[in-house]
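Subject: Structure handover and notes

Hi there,

Here is the structure I promised to pass on. Have a look at it first, and then read on for my notes.

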Amino acid sequence: MAERFSGMDSPVMGALNKFVNLVILNLCFLVSCIPLVTAGAALTALYSVNLKMVKGEEGYVFRGYWKEFVQNFRQGTVCWMAMAGAGTVFILDLKAVRVFHGGLKGLFLTSTFAIGIIILVVFLYVFPYMARFRDNLWVCMKNSLIIGGSRIGYTTALFLITAAAAAVTVCTPRMTAKMLFFWLTAGFALLSYVKSYFFRNVFAEFENVNAKKYK
C-alpha cells in the first residue's frame, strides 16, 4: 500500500512533480515578463508548455519554456503591443462616450462595447493559438476571433475563470496579500494550466484541419 503512494509512478509523486513543474514554469514566466513589453512572448511560451503538460508531453519545462520564448519572441511581442494599443483605444472610446447625447450616445456606446468584446475574445485566444499553430500574426488574430466566436460556451467559461481569479485577488486587501503569494509562487502557470484543458479541446478539430501547421 505504501509503495502505491511513495513510488515514482504513484499518483502522489505525479501530482508533486506536476506542482514543481508549475512553480518552475511560473518563475520563468515572471522573469521573462520583467520588461513588460515581452509579456506576449512570455504568454505564448507559457501556453506552449502547458498545452503539452495537460497531455503529459511537456518534457523539460525550463528548457522547453525558454525555447518557445525565443522562437515566439518577435510575433508574441508585436501581438502584445497590438493588443495593448487596441485596449488603450477602447478605454479612450469609453471616456469619449460622455461627449455624445441621446440616441447617438447609445449607438456609440453599443459599437464601443462590440469592439471591446472582439478585443477580449482575441486576447483570450491569440496567445494560446500562437503557442499551438504556426501562422502569421494576422491569421492568428483572425482565427482566434473565429474560434472564440464559434465556441461561445468555451469562451464564456474561459472568461469566467479569468474574471473569477481577478475578482478573488482584489476583493479585499487581506485577500490581495494572500493572492500575491499565490501569483508569485505558481498562480500564473496554474491558471494557464487549467485553461489549457479548454484550449486543447477547442483546438483539437483545427489540428486535424491544419495538421501541417500545428506544433
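How many salt bridges does the structure hold? The answer is 1, where a salt bridge is a side-chain nitrogen of Lys or Arg within 4 Å of a carboxyl oxygen of Asp or Glu. Before the details, a word on the source: this is a predicted model, in which local features need pLDDT of at least 70 and side-chain atom pairs count only at pLDDT 80 or more, while totals for chains, interfaces and linings use all residues. Residues are numbered from 1 along each chain as its sequence is written, and side-chain values use heavy atoms, with hydrogens and water left out.

**The salt bridge**

The partners are Glu68 and Lys52, whose side chains meet at 3.6 Å, N to O. Glu68 sits in helix α4 (residues 61–71) and Lys52 in helix α3, so the pair ties together parts that are 16 residues apart in sequence. Glu68 is buried, at a relative accessible area of 7%, whereas Lys52 counts as partly exposed at 25%. For those words, buried means under 20% relative accessible area, exposed over 50%, and partly exposed in between (1.4 Å probe, protein chains only).

**The fold in outline**

The protein chain has 9 helices and 0 strands; helices (H or I, at least four residues) and strands (E, at least two) are DSSP runs, numbered from the N terminus. Along the principal axes, the C-alpha atoms fill a box of roughly 70 × 50 × 35 Å. Of the 215 residues in the protein chain, 37% are buried.

Ala41 belongs to helix α3 and is buried, with a relative accessible area of 0%. Ala41 and Val70 are 29 residues apart in sequence, and their C-alpha atoms are 7.9 Å apart in space. Phe73, in helix α5 (residues 73–96), counts as partly exposed at 37% relative accessibility. From Phe73 to Leu120, 47 residues along the chain, the C-alpha separation is 22 Å.

**Aromatic pairs**

Searching the whole structure gives 19 aromatic pairs. Here rings of Phe, Tyr and Trp (its six-membered ring) pair if their centres lie within 6.5 Å, and planes under 30 degrees apart count as stacked, over 60 as edge-to-face and the rest as tilted.

One of the pairs is Phe133 with Phe203: the ring centres are 5.5 Å apart and the planes are at 80°, so this pair is edge-to-face. Phe133 lies in the loop between α6 (102–132) and α7 (137–150), and Phe203 in helix α9 (residues 173–209), so the contact ties together parts that are 70 residues apart in sequence. Phe133 counts as buried at 1% relative accessibility, and Phe203 is buried with a relative accessible area of 0%.

Phe203 also pairs with Phe199, and that pair is stacked, at 5.8 Å centre to centre with 20° between the planes. Both residues lie in helix α9, 4 residues apart, which is about one turn of the helix. Phe199 is buried too, as is Phe203.

**The largest pocket**

What volume lies in the largest pocket? It holds about 490 Å³ of space. On a 1 Å grid over the protein atoms alone, a pocket is an open set of points where a 1.4 Å probe fits, with protein on both sides within 12 Å along at least five of seven lines, and lining residues have an atom within 4 Å of a point. The lining has 19 residues, and Phe123, Leu124, Thr162, Leu191 and Lys195 lie nearest the centre. Helices α3 (39–53), α6, α8 (152–170) and α9 each supply at least two lining residues, and α6 gives the most, with 6.

Best wishes

Technical notes: Grid points are joined across faces, edges and corners, and a volume is the space filled by probe spheres set on the points.
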